[in-house]
Every structure is written in C-alpha cells, then in structure tokens.
Amino acid sequence: MKRDFIYLDHAAATPLDERVAKAMAPYYTDRFFNPSSPYAPSIEVRRDYEAAKASLAHSIGARPDELVMTAGATESINLAFGGISGHVVTAEIEHHAVLRASEKHDHTLVKSDEHGLVSAEAVKLAIRPDTQLVSIALANNELGTVQPLREIAEVVRNERRARLDRGNRTLIYLHCDASQGVGQLDVNVARLGVDMLTLNAAKIYGPKQVGLLWAASDVRLTPQIVGGGQERNLRSGTENVAGVIGFAKALELATEHRKYESDRLAQLRDQLEKTLVEAFPQAVLSGHPRHRLAGHLHISFPGVDAERIVFALENRDVLVATGSACAANQGTRSHVLTAIGLAPEVADGSLRLTLGHLNDEVSIAQAGEIIIEEIKREMERVKR
Amino acid sequence: MPKVYVGMSGGVDSSLTAALLKEQGYDVTGVYMKNWTQDMPGMRCPWADDLADAKRVAVQLGIDFKVFDFENEYRHKVVDYMIDEYKRGRTPNPDIMCNQEVKFKLFLETALEDGADLIATGHYARVDNSASDSAMANSSYAQPAGAHSSDEVPPALASERSAEIGRKTDFTVSGRLAQLKLAADTNKDQTYFLYRVSGEALQKVLFPLGSFTKPQVREMARERGLYTAAKKDSQGICFVGQIGIRDFLSQYVEQVPGDIIDKTTGKVLGRHDGAIFYTIGQRHGLDLGGGLPYYVVGKDMDKNEVYVTTNLNDDSLWKPEVELDEVHWINEAPSEGDYKIRVRHRAALVDAHLSYDGDKVILKPTSPERAVAAGQSVVIYDGEVCLGGGIVA
C-alpha cells in the first residue's frame with residue numbers, strides 16, 4: 001500500500017498485515033457462525049478457532065488449553081492480577097496497566113537503573129514471604145529496554161524452592177507482559193521461565209482488541225468477566241473468532257520473520273540514531289545501549305519542546321511520539337523518564353521513534369533529514 | 001515590533017487571528033487559557049484536544065505558545081457567579097462574565113505583566129482607537145484587508161503607557177478611550193458579549209476578524225492551510241456545553257419539586273423539579289400535555305412556584321419598559337435619548353428610549369420587547385458603536 005507519510009510510532013500501533021486481514025475476512029462474512037452452535041458450519045468454525053489457538057500456543061511453546069483469549073493486553077494483565085490476594089512485586093517503570101492493577105494489592109515497586117533495566121537482584125530484594133506475584137514486562141514500552149526475564153525467573157524459582165524448604169505454602173508466580181517486543185524477541189514461555197505471559201495482537205500487525213494470557217496449568221486464575229463460560233470459564237463472551245484467527249496468523253508471521261526483521265530494524269535504527277546524534281551532539285539517548293528492542297530509539301533534545309516537534313513533524317508527514325509530557329498534562333511527565341532520573345528539561349525534549357514494517361532505508365533517511373530540519377528550526381526560534 | 005499575545009482556543013477564529021497578526025509583522029505569542037473544567041461521567045470535555053490544536057497552529061505559524069492556567073479564577077468569577085445567579089432565580093450569561101473578568105482583565109493583565117504590549121482575540125467586533133490617545137492599536141492597522149504584504153510596519157509603541165496600564169487593576173477611568181464597534185459580519189457580531197469590557201482595556205486589544213465575515217475567515221484559514229480551518233465551531237462554554245445547563249445546575253442545587261401554576265386561573269397545572277431551572281419566556285420543558293403551548297411568565301423562588309400562561313399577549317411576556325442595573329459603560333455614560341438595544345446575542349437591534357433613574361437605566365422600546373429575564377443583559381448601541389449596557393433587574 002502506498003502511504004504518504006513516514007510512520008515512526010510502531011510501538012503505539014501497527015497496520016494490519018494484508019495476509020492477516022485476508023485470513024480474518026471470511027470469519028466476518030461467510031464463516032460468521034457462533035462456535036458454540038450445534039450445526040456443522042459452527043463446528044467447523046470452532047475447529048478453525050481451536051486451530052488458531054493451537055498455532056498461538058505453538059508459537060510460544062505452550063499447550064493450547066493453557067491460553068485464555070482476551071480483548072487485549074490490558075485485559076490479560078487484569079486477569080493475571082485478578083486471582084492474587086497477597087503482595088505483588090513489579091517495577092516503577094511498568095506500563096500503566098500493570099501499575100494500576102498492582103495498586104489494587106499490597107505492592108512494592110522495584111527501581112530500575114538509568115537505562116530502565118530492572119535487575120534480578122532488585123526483584124529478589126523486594127520479594128517478601130507473602131509475595132504472590134512478580135510482574136515484569138519483557139521490554140519497556142517507552143525506552144525499549146529489554147529486561148533480564150530469565151534471571152528474574154530464576155529468582156522466583158529459587159524463592160519457590162526456599163518456601164518449600166521453610167514450609168511456607170504461599171504460591172508465587174511470575175507474570176510477564178510481552179506485548180512490546182514479541183515481534184523482535186523470543187517469547188517461548190519455557191525459555192523465559194515465566195508462569196504467565198501476556199501478548200497483544202495489535203503490536204505485531206494483527207487486529208486491535210485481541211490478546212491472550214498464557215498461564216501454566218498450576219496457576220489458578222479468577223475470571224474477571226463472567227457469563228456463558230467460554231475460554232474454560234475464565235473469560236466469558238462469544239469468541240472473537242476473526243480476531244483470534246488474525247492473531248494466530250500475525251504471530252506466525254512475526255515468529256517466522258523475527259530474526260530477519262529485528263536485524264533489519266536494528267540497522268535502520270542505528271542509522272537514524274547516528275544521523276541524529278551527529279547533527280545534535282547534545283542529544284541524550286535513553287534506554288539500554290545493548291539490551292534494547294531493535295526498532296526502538298528514545299532520544300532527547302534538551303531545551304526543546306518535544307510536543308512542538310511532534311506537531312512540526314506531523315506537518316511534514318512524519319509521525320512520531322513524544323517521549324514524555326504534552327501540554328495537556330502539564331507537570332505530569334512520563335513516570336518512566338522520571339524514574340530513570342532524566343532531568344525535566346531533557347525529558348520534555350524527548351521523542352520516541354519506533355521502527356517497523358512501514359520503514360525502509362529510503363524513508364528512514366528522509367525522516368532523519370526532516371527531523372533534523374525541524375529540530376534546527378525550533379532551536380533557532382527558541383534562540384531568537 | 002509590538003508584542004501581541006493572542007488568546008488561542010484551538011478554533012478557526014483565533015487561529016486565523018494569530019496568522020493575520022503575524023503576517024502584519026507583529027511579534028505574536030499564542031496563549032491557551034485553561035479555564036475551569038469539570039469531569040462529567042461519560043462526557044469528555046474537549047479542552048485537551050483544543051489545547052493541542054491551538055499549539056499545532058502555533059507551531060505551524062512558528063510562534064511562541066504558552067498556557068495560562070486560569071482555572072481557579074474562572075471557577076470563582078464565572079462558574080460560581082452563574083450558579084449564584086440561578087439560585088437567585090435569574091438567568092445570567094457566563095460568556096459576558098468570562099469576557100469581563102477573564103479574557104479582558106485577567107488575561108490582559110497577565111499578558112502585559114509577561115511582556116506583551118497588546119492582546120488579541122478572535123472575536124467578531126471592532127475596536128476604534130481613532131478618538132483615543134493611544135497610538136498603539138490604531139484601527140486601520142488592526143483591520144487588515146487580508147493582504148500578505150510584508151512591508152507593512154506596525155505603528156510605533158507608546159511603551160510608557162503600556163507599562164503603566166499593565167500595573168493597573170482598575171480600568172474605570174472615565175473619558176473617551178477606545179470604542180467598541182459592531183463587526184462587519186452582522187450575523188456573527190459578538191459585541192453583545194463584550195459590553196462589560198472597559199474602554200481602557202480595549203486600547204490594548206486587537207480584533208483582527210472584526211472586518212471579515214465568517215465564510216471569509218474560513219476561506220482565509222483554508223488558504224493558509226491552518227490545521228483548524230475546517231474545525232467545527234464550539235457550542236457554548238465547555239463546562240456546560242456538552243450536557244446542558246439543566247444537568248449542570250442539578251449537580252449544585254437540590255431538585256425540589258414545586259407547582260406549575262396557570263397565571264390567569266391560579267390553577268395548579270402540574271409539578272416541576274425546581275423553579276431554578278425555568279426562565280421567563282421559556283416555552284419548552286413544561287410537560288403539560290397537549291393543547292396550546294405554555295410560556296413561563298414568572299416564578300417565585302421562595303415558594304418554588306412557576307407561573308405559566310398560554311396567552312402570548314400576556315403583559316409579562318411583552319414589557320413596555322426594561323429596567324437595568326449593574327450598568328456598565330465602555331466609555332462615558334450617554335445622555336438620555338434614543339438608541340438601539342439588543343436583548344440577546346444575535347437578536348435584532350431595536351429602537352429604544354434611554355433615561356436614567358438614579359443608578360438605573362430605563363429603556364422604553366418603541367415597540368414592546370419580548371420577555372427579557374432577570375439577570376439577562378441588554379446592550380445599548382449608538383449607531384454602530386456599542387456603548388455598554390446593564391443587567392435586567
């Protein structure tokens with residue numbers, strides 16, 4: 001599809017892959033049947049739905065009956081937290097969905113380092129005898145920093161073992177919100193060592209409002225939406241057949257192209273980063289220099305009002321996100337940037353550039369030039 | 001280069017205002033005034049979007065942009081005033097109060113303190129400074145012909161004077177200062193909302209849209225590619241616009257049911273849920289069933305009674321004279337005589353005789369004027385000059 005803009009906000013939304021759209025389409029029209037109905041066409045639809053779930057499970061190395069399909073990552077997170085009654089450990093820089101869900105419980109927020117990295121050691125120190133859930137995102141949505149999930153999983157496993165030895169029968173689970181980064185990182189649940197995993201179709205060129213929660217078979221979930229008893233009674237409501245078919249296709253494609261795509265995006269991102277840093281040596285890069293999502297670039301221009309840059313770039317058909325505050329929420333800067341200790345005048349000049357399918361070498365080179373022009377123009381204006 | 005702070009609301013009018021002033025060579029800063037907003041369940045006040053739009057246009061124009069937070073002042077001077085007036089059984093106009101207290105007082109003062117020489121808004125009205133001693137906002141300059149010529153240079157500054165006014169909080173100096181005049185677009189004219197602004201304040205005000213019609217403004221905004229060129233006009237004030245005044249008020253006053261009484265027969269016709277919600281002349285919302293429409297002709301706030309009639313010729317609907325108090329003159333008080341008056345925004349200008357009774361103004365329209373509720377404003381004109389007005393007693 002020909003597009004007349006350069007899109008650099010893939011962490012916010014991705015366009016539906018045409019192959020995904022094609023896979024979904026029949027389930028809105030010809031195969032509209034309710035998978036719970038008794039006649040043959042419905043049974044076929046149910047079979048397709050189950051096959052899609054099996055494919056999703058396969059992509060993350062899980063069993064199909066361990067998946068609960070939801071209307072997106074926020075719902076998955078709410079479901080993961082819903083059955084917990086004890087203490088929760090999560091990170092200060094987590095997404096609001098996790099932070100708000102944590103606030104319903106006695107909770108401890110773990111600090112990250114200046115790159116947004118949450119260390120396994122810090123998580124270990126925060127765990128108490130009554131901690132029932134540790135929830136850490138696979139990658140931070142603002143900075144792109146990838147967390148050491150395997151190490152954190154090790155900490156949780158050790159805690160579990162120690163509790164057994166001590167006769168403490170409180171269960172402890174590790175939940176990972178992997179919505180950000182699923183297209184670029186390995187999300188095999190066994191390799192990650194997590195007990196629950198949240199995924200979202202919308203970030204991998206699938207449909208919006210489709211997500212899943214995988215929970216290991218020993219995790220007891222409490223349904224947050226009750227009704228007809230779909231999804232093993234854990235999430236009622238007629239199945240979003242088309243959405244789940246699309247999700248399966250999207251995850252299949254993402255897994256298949258992950259290696260190639262993450263290498264490609266890392267190259268493009270590094271090129272853009274180099275161009276911008278050469279033009280503005282005072283620019284501040286945030287996020288971990290090495291453990292960072294391939295397409296993710298968080299860059300701050302101290303003293304510049306990033307929201308003005310977003311509007312100026314919008315005018316040039318380049319779509320980017322501010323890394324922090326906008327005028328409408330004066331004074332409330334991004335909690336992530338505050339948490340990693342970014343000074344206000346740096347945080348306010350932050351752009352989040354996230355690359356993806358819509359970008360290639362030509363468009364990234366163009367975007368680099370346009371961004372430089374607009375930031376220079378703004379710096380000139382402020383100087384006057 | 002005079003420094004102008006333009007009140008930018010995120011709408012097309014104030015966007016073009018900023019664009020025109022910039023083209024004329026002014027040093028323009030856009031200012032979004034954050035007024036009081038209230039979160040209503042299920043309603044989204046669009047102020048955040050409006051602020052973003054205002055800033056977008058400022059970026060397009062390459063001008064500075066600021067946010068002035070007037071939430072507390074707006075709450076006290078406009079919202080509380082409005083609720084109090086309704087509680088007294090009157091029908092106030094919050095837009096008039098907003099202009100008097102916020103836009104042409106607080107905004108003006110804050111802007112001048114911040115280094116501005118002038119302020120501007122997207123109101124459809126004209127300021128004539130030719131008779132005043134201010135050289136700053138001369139009207140020919142404030143009314144561009146839409147030309148883009150860049151060799152026009154703004155007039156010299158009377159800077160001592162601007163500094164002096166900046167510190168004043170009382171604009172009640174008498175004598176002829178700047179005149180407020182009808183907009184060229186008589187359909188859009190907003191002088192009705194501006195009659196309580198002082199002449200001295202007007203010396204510091206530019207209304208670049210006063211000589212254009214609304215369609216011209218849209219066209220000029222479109223020509224300039226302004227982001228807001230096609231944006232719909234906002235409906236009313238943010239905090240009541242979306243839900244309506246009735247729902248808004250019911251959050252602040254108890255709903256106490258009372259009788260609806262036929263004024264002529266004295267018969268109780270039905271029940272209402274609070275006299276406060278009714279306005280003289282109102283026709284709708286009485287739920288009295290079929291037949292001829294009923295009109296509200298009076299109410300007794302103490303007894304919580306609303307009086308209605310089907311008689312369109314009822315005396316209380318057609319008053320031969322209107323008494324105004326809280327009278328405000330933009331410049332000096334006019335002498336007794338014949339003038340034009342306007343009883344609500346966009347109502348036709350009608351002839352009336354003006355006389356004084358102490359502090360009060362008595363207006364006798366040539367032909368009886370249809371019900372004007374207590375608390376509403378009547379604005380007085382001499383030709384195209386808006387002289388001021390008062391509030392129906």
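In chain B of this predicted model, five parallel strands make up an open sheet, running in the order β3-β2-β1-β4-β7. That's a handy place to start looking around. Chain B has 10 helices and 19 strands, while chain A has 12 helices and 13 strands. The two chains touch through nine residues of chain B and nine residues of chain A.

**The parallel sheet in chain B**

- The edges of the sheet are β3 (64-69) and β7 (205-206) of chain B, and each of these strands pairs on one side only.
- Look at β2 (residues 27-34) of chain B next: six bridges tie this strand to β3(B), and the two run parallel.

**Where chain B meets chain A**

- Helix α2(B) turns up again here: on the side of chain B that touches chain A, α2(B) gives the most, with seven residues.
- By residue type, that side of chain B splits into five nonpolar, two polar and two charged residues.

**A hairpin in chain B**

- Strands β10 (residues 295-300) and β11 (residues 305-309) of chain B pair in the antiparallel sense, with five bridges between them.
- One of the bridge pairs is G298(B) with Y307(B), the latter sitting in β11(B).
- Together β10(B) and β11(B) form a hairpin with four residues between them. In the turn you'll find N304(B), which has a positive phi of about 60°.

**A closer look at C98(B)**

- C98(B) sits in helix α4 (residues 94-113) of chain B.
- Is C98(B) buried or exposed? C98(B) counts as buried because 23 C-beta neighbours lie inside 10 Å, and the cut-off for that label is 20 or more.
- Setting aside neighbours within four places in sequence, C98(B) is in contact with V78(B) and K103(B).
- C98(B) and R196(B) are 98 residues apart in sequence, yet their C-alpha atoms are 9.9 Å apart in space.

**Chain A as a whole**

- The radius of gyration of chain A is 22 Å, close to the 21 Å that the globule rule gives for 384 residues, so chain A is as compact as a globular protein of that length.
- Of the 384 residues of chain A, 48% count as buried.
- Take the contacts in chain A with a separation of 6 or more: 69% of them involve residues 24 or more positions apart.

**The two domains of chain A**

- Chain A is divided into domain 1 (6-13 + 257-383) and domain 2 (18-254). Note that domain 1 is listed as two stretches of the chain.
- How far apart are the C-alpha centres of domain 1 and domain 2 of chain A? They lie 29 Å apart.
- Where the domains of chain A meet, 24 residues of domain 1 are in contact with 24 residues of domain 2.
- On the domain 1 side, the elements giving two or more residues are α8 (241-279), β10 (296-300) and α10 (335-339) of chain A.
- Helix α8(A) supplies the largest share of that side, four residues.
- The residues on that side of domain 1 of chain A divide into seven nonpolar, 13 polar and four charged.

**Chain B in numbers**

- Buried residues make up 44% of the 393 residues in chain B.
- Among contacts in chain B between residues at least 6 apart in sequence, 70% join residues at least 24 apart.

**Two backbone spots to check**

- D317(A) has a phi near 65°, a positive value in a residue other than glycine. You'll find D317(A) in the loop between α9 (306-315) and β11 (318-319) of chain A.
- D317(A) is partly exposed, with 14 other C-beta atoms within 10 Å.
- E326(B) isn't a glycine either, but has a positive phi of about 45°. E326(B) lies in strand β13 (residues 322-329) of chain B.
- E326(B) is partly exposed, with 14 other C-beta atoms within 10 Å.

Terms used:
Residues numbered from 1 in each chain as written. Chains lettered and ligands numbered in written order. Predicted model: local features only at pLDDT ≥ 70, side-chain atom pairs only at ≥ 80, totals over all residues. Buried ≥ 20, exposed ≤ 12 C-beta atoms within 10 Å, placed from the backbone. Pairing = 2+ DSSP bridges. Domains from an automatic or database assignment. Contact = placed C-beta atoms within 7 Å. Nonpolar A, V, L, I, M, F, W, Y, C, P; charged D, E, K, R; others polar. Rg over C-alpha atoms; globule rule 2.2 N^0.38 Å.
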